Amino acid sequence: MIIAAIIMYFVSQEMESIFGESPSSSPLGSSPPQQPVPPQQPVQPTSALGEAQPGLTHVDSSGQAKMVDVSPKQDSERVAVASCRVLLGQKAFNLVASNQIAKGDVLTVAKIAGITGAKQTSHLIPLCHNINLFHVRVDLTLNEEDSSVVIEGEATTIGKTGVEMEAMTAVAIARLTVYDMCKAA
């Protein structure tokens, strides 16, 4: 049996500048549930001092979803890293480690799937910009201590918008591929 644990964390100075520091040291977080905001009332975030901050970037003044216009931004180097862990049972872990999974080489197939996923991000996430990726790295490492596969993905570009979605999509697709290839074990 495989227990797929989605423990994704994402490293990006841009995200910290937008959202601030994480409310929890746990990658999965444990903040209390928030009350939903009706769509006809766009949210205007405020700082701790009560000052108005810029509104949500993917919502127009009437509360409708929109794609952000990044044309005024200057090009800059963009790098994002994401990671996750897939917890396997001991039997599945041993089969992956010895390359004996019936569907084939799990780590290689998942690596290719992750890279392909990063390249398809704008097709999967509706308001995500289609960007030119300069490099995508997906590394899968076996961790004997907890019978897991640790997946790390990195995406880089030079452009007007970040590559965090591409890095997170790369590891999510790689994780799903590991699960799919091992679920019979």
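Predicted model: local features only at pLDDT ≥ 70, side-chain atom pairs only at ≥ 80, totals over all residues.

Me: OK! How many helices and strands does the chain have?

Reply: There are five helices and five strands. Here helices (H or I, at least four residues) and strands (E, at least two) are DSSP runs, numbered from the N terminus. Starting at the N terminus, the order is β-β-α-β-α-α-α-β-β-α.

Me: And how much of the chain is buried?

Reply: Of the 185 residues, 31% are buried. Buried means under 20% relative accessible area, exposed means over 50%, and partly exposed is in between, using a 1.4 Å probe and protein chains only.

Me: What share of the contacts is between residues 24 or more positions apart?

Reply: Among contacts with a separation of 6 or more, such pairs account for 70%. A contact means heavy atoms within 4.5 Å.

Me: Let's do helices. What span should α3 have, and why?

Reply: Helix α3 covers residues 106-119, and its 14 residues should span 20 Å at 1.5 Å a residue; the end C-alpha atoms are 20 Å apart, which agrees. The expected span is 1.5 Å times one less than the number of residues.

Me: Which residues of α3 are buried?

Reply: They are Val106, Ala110, Ala113, Gly114, Gly117 and Ala118. Looking down the axis of α3, these buried residues fall within an arc of 135°, so they line one face of the helix. That arc is taken from the directions from the helix axis to the C-beta atoms.

Me: What's on the other side of α3?

Reply: Ile112 and Lys119 are there, and they are exposed.

Me: And what covers the buried residues of α3?

Reply: The cover includes α2 (90-97), α4 (121-124), β4 (135-143) and α5.

Me: Tell me about α5, then. How many residues does it have?

Reply: Helix α5 has 19 residues, 164-182, and reaches 27 Å from its first C-alpha to its last, close to the 27 Å expected. Its buried residues include Ala167, Val171 and Arg175.

Me: How do α3 and α5 pack?

Reply: Two packed helices are described by the angle between their axes and the distance between the axes. For α3 and α5 the angle is about 145° and the axes are 7 Å apart. Axes are lines fitted to C-alpha atoms, for helices over the stretch in contact, and angles run from 0 to 180 degrees between N-to-C directions.

Me: Which residues make that contact?

Reply: From α3, they include Val109, Ala113 and Gly117, and from α5 they include Thr169, Ile173 and Met181. The residues of this contact divide into eleven nonpolar, four polar and one charged. Ala, Val, Leu, Ile, Met, Phe, Trp, Tyr, Cys and Pro count as nonpolar, Asp, Glu, Lys and Arg as charged, and the others, Gly among them, as polar.

Me: New topic: where is Asn99, and what is its phi?

Reply: Asn99 sits in the loop between α2 and α3. Its phi is positive, about 55°, although Asn99 is not a glycine. Most residues other than glycine have a negative phi. At 42% relative accessibility, Asn99 counts as partly exposed.

Me: What about Ser147: buried or exposed?

Reply: Ser147 is buried, at 7% relative accessibility. Ser147 is in the loop between β4 and β5, and its phi, near 50°, is positive too.

Me: And what does Thr161 touch?

Reply: Not counting residues up to four places away in sequence, Thr161 touches Val70, Arg78, His129 and Ile131. Thr161 lies in the loop between β5 (148-159) and α5, and counts as buried at 18% relative accessibility.

Me: Last one: what is Gln74 in contact with?

Reply: Leaving aside neighbours within four places in sequence, Gln74 is in contact with Gly159 and Lys160. Gln74 and Gly159 are 85 residues apart along the chain, with their C-alpha atoms separated by 7.5 Å. Gln74 is exposed, with a relative accessible area of 66%, and is found in the loop between α1 (13-19) and β3.

Conventions: Residues numbered from 1 in each chain as written. Heavy atoms only, no water.
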